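Hi everyone, thanks for coming.

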Amino acid sequence: MGQLINVVMDLGLLAMLVISALMIIRNHSPLTVAILSGIYSLVICTLFVIMDAVDVAFTEAAVGASISTVLIMAVVKPGDEPVLKASWPSAASVFLGIATGLLLVYGTFDMPWYGDPSAPIHHHLAPRFLGQSGTEIGIPNVVTSVLSSYRGYDTLGEVVVIFTAGTAVLILLAGDLPVEDKSRVVVQLASNSIIKTILIRIIPLVILFALYVQFHGDYGPGGGFQAGVIFGAGLITHGLLSGSGKMLEVINEKWVTIGMASGVLIYGFVGVAALLLGGEFLNYSVLAESSTTGQHVGILIIEIGVGVTVAFTMISLFASFNRGRP
Amino acid sequence: MSETLPGLLNYWVAVTLFVFGLIIVIDSRNMIKKLVGLNIFQSAVFLLFITMGKVTDGNAPILAEGVNNFSNPLPHVLILTAIVVGVATTAVGLALVSRIRKAYGTIHEDEIYDKPEIEPELVP
Amino acid sequence: MADSMDIVYLISLLILLFALACSLVRAGLGPTWFDRILAVNSFTTKSILAISVYFFATGHPEYIDIALLYALISYVGSLAFVSYFNQNRSGVGDNGGTTGRGDHQ
Amino acid sequence: MIEVLASVLLIAGSVIVLIASIGIIKLPDFYCRLHAAGVIDTMGSWLVLGGLLLLSGNLVNGFKVAIIGVLLFFIAPVVSHAIARAAIEYDADKAEGKDG
């Protein structure tokens, strides 16, 4: 019966996914596209839930519901509206797309069927991770074990990429001076007492939840990446309500930049500490007397590093895109 | 019967989304829509990876007592980080769009091709 | 009893799927941006419910954190739209017509 | 007994959500649709979450379900209010040249 539920949800959500992507193709207004991509993200998040990828769904939920929409909205201007409201793409691009698609579909005939336990992917690394991470690492969430211990190098690379992207945005938008003319007084959303009264009180809950996700990531879905995005979303709420200038009064822009870098440094420091204590780079087992305790300590610290970098990068992105706005 | 129903369908949907992303990137003249198209492109790959990791009757890869059939955690790890990296790179793309708007006064490709660059003095 | 509970979950999820499809239709039809935002909003609420029911149906209610996350931060997207309209009064409508009441204050 | 009650709540909540969703499609203009969407955020979600609360078994899961209900109770009306305010200020319906 559980199988039937899975199949029904899978079919329904796949159909919705394709339909929402079609809607994005048809509409040309950037604002409409941003709204529709919000729905697209919700559908694909639910699909990840159906396919047992709770950690991935968690990340998609955190990112899709908040940051991606906020960033697109910060760039769109009213003058971007197209003349044409909705239309199908040109025949040439459709032809090219269909040709590519047919080739790819031909490729899928060699793929294992959906859910097939005898597929090659399930016989190489996964049995080791699933069978031994419980005794080697000692935390229940295998995704966190693999993310921060077995594939710690990879994750360090990802964190550096995020840091680099944040820095690139800072550089690209650094020359932006206030272009909005000063005579226009923008009434902030916080002047509406209904909105302000409730949402200001939600912010601490969001930050509390971010901390819960950060430290509960070893035992359930969650971890540094998700916690960072959620923490960022909490402060971005303040920025949306009262303007990004008010947000930067809470955390100075200089400290945001320092925070972005310090997360990467925390991560790298753990690796170097392991090196100094006689292990390999990012081998946490040497950090404490017993190897599982060492793994626990190492994972806790590097997850904090990941969370700090992601959180401050998100805040920095929001601040950069809204610089010069009232 | 019910356990073979989706078969290769998930892959085909991933391919469809891939094609849709491609069409948007080729066809769209609006740079913001192009970036959303790139995101769809990206999520097609996410869908493909997660589909491969699923095991029928599996559980989320979080160890618990009495559960011994887990989906494959490795694709989850790859995609989890890719999502956050994806939003960061999208932000870089949006920042470029913002600079292009500064330089040309528009984000529509057709109009950009017609215009000379307008503001050398605003470039830092 | 367990078996009949499964049927209840299945029916509930099917109904919620139909409801999700309804919101999707409204988001596609528009006609204004506000209709679409409204559709996204109700789509979020319904997927919170669907995810919660799904986790209970598959016997893993402890992963309901995902639904909790959506309930907690889904407002950020809507707030971004509202703040966009707040900052860019006297803009252009979904169909190209002017919608604003002119300048504010 | 609890399972029967929970089933009734779940099905009733889902049906209410479905009716409201049909309303979102069929009602003629934005403000009417806003009214239909309100039903989903309140009655529909509370009934479904109430059913799940009865089934939750242990305290932690029940607490999480209850928190979801409380958050929806506070946040959903505020967001609806914000959207409606933005729509009024933008005069959404006039832009369409219909509905009035």
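A:Thr69 counts as buried because it has 24 C-beta neighbours inside 10 Å; buried means 20 or more other C-beta atoms within 10 Å of the residue's own, with C-beta atoms placed from the backbone. Before I go on, this is a predicted model, where local features need pLDDT of at least 70 and side-chain atom pairs count only at pLDDT 80 or more, while totals for chains, interfaces and linings use all residues. Residues are numbered from 1 along each chain as its sequence is written, and chains are lettered from A and ligands numbered from 1 in the order in which they are written.

So where does A:Thr69 sit? Look at helix α3 of chain A, residues 54-75; helices here are DSSP runs of H or I, at least four residues, numbered from the N terminus. Leaving out residues up to four places away in sequence, A:Thr69 touches A:Ala34, A:Gly38, C:Gly77 and C:Ala80, a contact being two C-beta atoms, placed from the backbone, within 7 Å. A:Ala34 lies 35 residues from A:Thr69 along the chain, yet their C-alpha atoms are separated by 6.4 Å.

Now zoom out. Chain A has twelve helices and zero strands. Of its 326 residues, 52% count as buried. Its C-alpha trace spans about 65 × 50 × 35 Å along the principal axes.

Finally, the neighbour. Chain A brings 82 residues to the contact with chain B, and chain B brings 75. On the chain A side, α3(A) supplies the largest share, eleven residues. Thanks, happy to take questions!

Conventions: Helix = DSSP H or I, 4+ residues; strand = E, 2+ residues; numbered from the N terminus. Buried ≥ 20, exposed ≤ 12 C-beta atoms within 10 Å, placed from the backbone.
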